[in-house]
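Hello,

Here is the structure I promised to pass on. Please open it first, then read the notes below.

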Amino acid sequence: MRVIDRRSDPVAFRAELREWLGRVVPPCWQERMTDASDEDFSRFQRWWLAELDAQGLATAHWPVEWGGEELTIQEQVIIFEELARAKAPDLVMFTISLNHVPGTLAKWGTKEQIDRYIPGVRNGEVWCQGFSEPGAGSDLASLRTRAVRDGDRYIVNGQKVWSSYGAYADYYLLLARTDPDAPKHKGISCFIMDLKAPGVEVRPIRQMNGMNEFCEVFLDDVEIPAGNLIGPENEGWAVAQSTLSTERGLLIFALCERMNILFEEQFASPDAARWMEDDQLRREMMTCYADMQAVRGLIHSMLADHNASEFPPIVKILYGETLQRFSEMWTRIDGLDAMVERPTFISSGYAKGNWMVDYLTSWTWTISGGSNEILRNVIAERQLGLPREPSAR
Amino acid sequence: MDDQELIDSLAESVGAVLANNFSIEEVLKFTNVGGELDAEIKRRACELGWLGIAAPESLGGGGLGIEALVPIYCELGEHLSSLPFIGQQLCIDALVACAFEQDGRLAALVEGAAWGAVAPELSFDSAGIGRDGALEADDIPVFDDDHDSHLLLFGREADGEPVALMLDIRQAERRAVAFHDHTRRLRMLAPGGLPVTRECRLASGDAAIALQTRLGDHLALALAADSVGGCRAVLARTIDYLKTREQFGRAIGSFQALKHRAATMKLELETAASLLRVATACFGKNAKSSALASLAKARACDVYVKLSGEAIQLHGGIGFTRECPVHLHLKRAKLNQALCGGDRASIDRAANLLVGRAA
Ligand SMILES: Cc1cc2nc3c(=O)[nH]c(=O)nc-3n(C[C@H](O)[C@H](O)[C@H](O)COP(=O)(O)OP(=O)(O)OC[C@H]3O[C@@H](n4cnc5c(N)ncnc54)[C@H](O)[C@@H]3O)c2cc1C
């Protein structure tokens, strides 16, 4: 019997999950993953995916017909809380595979695409997202990578950048221009691209937090079979909206649970004196705690009510800013000690307790996937109905 | 030339040397692939006589005061320089203040034949002297390299009497520690066990306390100036980027949301810079001037952290890479902030001084 099969009884489900995690999460995995080689990191991520999958936990958020469980919010909450409590590894390498790929294909994928690619995700195939370009970040629709139809295939040329986990990935969700003469939002198409195909060059970029998780990707006459077009030709902008709006809620929720556990451990620790006995730090700590609880609450509401379409940009801004403030505050609590470089392991940007690295990594959340500035524009213009910026095209 | 003109032209010439030969692009290369930049800048600093600016003229120095050093600290911060100028100047200041003008150590420091380091906490609790006359101290982080010869340190005699020490650390054990700030060299120094001879003692009792106050203020101003200089650079770089980077068919700096962010950065920089000038002008006078030095330090570091963080955000994806120097500023700012006991200690020091309470 798999852990997920206990879900009908929340108490037993939680107990079973906790017991299972206690058994399988390797005690010192953080140390093992610290400065691990690419191969070790990738092997470990695959191992953990397989373990979770065997218990029905990796893709529990998927629809039933794809082998998911269509969990209720309460069940999802239990999983995240227990994963956080157990300090289980997070499946960073599979973020796009497990969330954005199904999110995109569910709405736009053909039966062939779903049958061909979805099982691979469960088996550990890695996907990454090839949207941004050097000249097209916030203004994604200005992208210039070209895909030209040639019989039953497309030929792609161009350059992508900031593709997270590109060095580990097998497949690419690619946005490319298929009609250079159409208005900029109307000439883009979305593709599934094999990153191992001839003409693809992936170069990791060194990051300020000491990692090199994102990559530049050069595309030189890369062939894509026409059957790998997702959605209609030139409708890529709409397809990309599904990719981008993929429940970031779930991801942030999982991270918030980890932050929450960290708070709880702090409250119970003798170490708490370090901020409890300092008026300023104590108050800052409580402000962060309140922010974190507010974000959790918003995510709960968002997951419970699919009409809460106002919440996603709010949640993303608040999580990123809370994480930034929280980790920054800790660099001041630890003082000089926090300024010493310590090796770390790759994660999706949450509070790990290596505060300076957590602080630096927090910009992932404020810049990528719609920067805080762009999301504030979205809130102001689409939610509050304020007029658009003059001449912003 | 009057003193002010002299000071301005000095800072200008330091800035020019740094901009031409030790630019931030060079520093970035140095932090990414290594090289000799740190040794090179020390050589140039000696050659060009920067080290003796505040030393007595009788020793070939410039005979100027803190008001000449502060603009140079700014320039060094602005260029993310690795030159261990602050430790050197604190050691010189200490020797001059204690009337050790004839001391060979002073001449060597002025020439650059010796290099001085300082324990950044400047606390009497950081070291003690045992009955056997040997130093008892934990390891201390210092801006220092393997060639440093002197360490300025405060501590207590076996009977508890405060004492200011300058130790010969050529034989002391040191190990390199990797700090997030790669623009400067830091070492963990293990001075414990070093013999404390008579000539190590610069001042005792009230004189040591007065020296500690003076050097505490000096260090605070130096770090404030380093930070203000860093703010200047990080703001200039950001403004440049806002003018040249285009999205949505226009320079991103034309979005009012970003214009206001840039304007706020400017306001914060000018506040920190003004506070630094005010504190520099009254350096060494009284409790109020000490309080202002501490407030200038706390504010400048805080603003430096904020501005570098904003700069990363406003640079977008590029700002997250190691090839963009903005993160070097953030890491240096964070380290500056953590020195001298951190921001809260500086602000509390000011409050205690102004209200007349012992810290
Ligand atoms: C850690 C990390 C991981 C990433 N992973 C991926 C990935 O896997 N795949 C992928 O495709 N991309 C990825 N990205 C790219 C990310 O989506 C872009 O960096 C982001 O969209 C911003 O684009 P840009 O970097 O070109 O910055 P720019 O768009 O040039 O923005 C620069 C600054 O201008 C502001 N700005 C721009 N336009 C406006 C406006 N109209 N109003 C107000 N302010 C504005 C921005 O908010 C920002 O502060 C990643 C980025 C990071 C940092």
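**The ligand site**

The shell around the ligand holds 11 nonpolar, 15 polar and two charged residues. Here Ala, Val, Leu, Ile, Met, Phe, Trp, Tyr, Cys and Pro count as nonpolar, Asp, Glu, Lys and Arg as charged, and the others, Gly among them, as polar.

This is a predicted model: local features need pLDDT of at least 70 and side-chain atom pairs pLDDT 80 or more, while totals for chains, interfaces and linings use all residues. Residues are numbered from 1 along each chain as its sequence is written, chains are lettered from A and ligands numbered from 1 in the order in which they are written, and side-chain values use heavy atoms, without hydrogens and water.

In total, 28 residues surround the ligand (a heavy atom within 4 Å of it). The closest are Ser138(A), Trp162(A), Ser371(A), Glu373(A) and Arg245(B). Residues from chains A and B surround the ligand, so the two chains share the site.

Which elements each supply at least two residues of the shell? In chain A they are β3 (153–164), α13 (363–367) and α14 (372–383); in chain B, α9 (287–315). Helices (H or I, at least four residues) and strands (E, at least two) are DSSP runs, numbered from the N terminus.

Now the polar contacts (pairs of N or O atoms within 3.5 Å):

- Trp162(A) places a backbone N or O atom 2.9 Å from a ligand nitrogen.
- Ser164(A) has a side-chain N or O atom 2.8 Å from a ligand nitrogen.
- Ser371(A) has a polar side-chain atom 2.6 Å from a ligand oxygen.

Taken alone, the ligand exposes 970 Å², and the protein buries 95% of that (Shrake-Rupley method, 1.4 Å probe).

**Helix pairs**

Two packed helices are described by the angle between their axes and the distance between the axes. Axes are lines fitted to C-alpha atoms over the stretch in contact, with angles from 0 to 180 degrees between N-to-C directions.

In chain A, the axes of α5 (residues 95–108) and α6 (residues 111–122) come within 11 Å and cross at roughly 165 degrees. That makes α5(A) roughly antiparallel to α6(A) (over 145 degrees).

In chain B, the axes of α4 (residues 66–78) and α7 (residues 205–244) come within 6 Å and cross at roughly 40 degrees.

Best wishes

Definitions and conventions:
A polar contact is a pair of N or O atoms within 3.5 Å; within protein, one must be able to donate a hydrogen and the other to accept it, and residues adjacent in sequence count only if both atoms are side-chain atoms. Angles under 35 degrees count as roughly parallel, over 145 as roughly antiparallel, 65 to 115 as roughly perpendicular and the rest as oblique.
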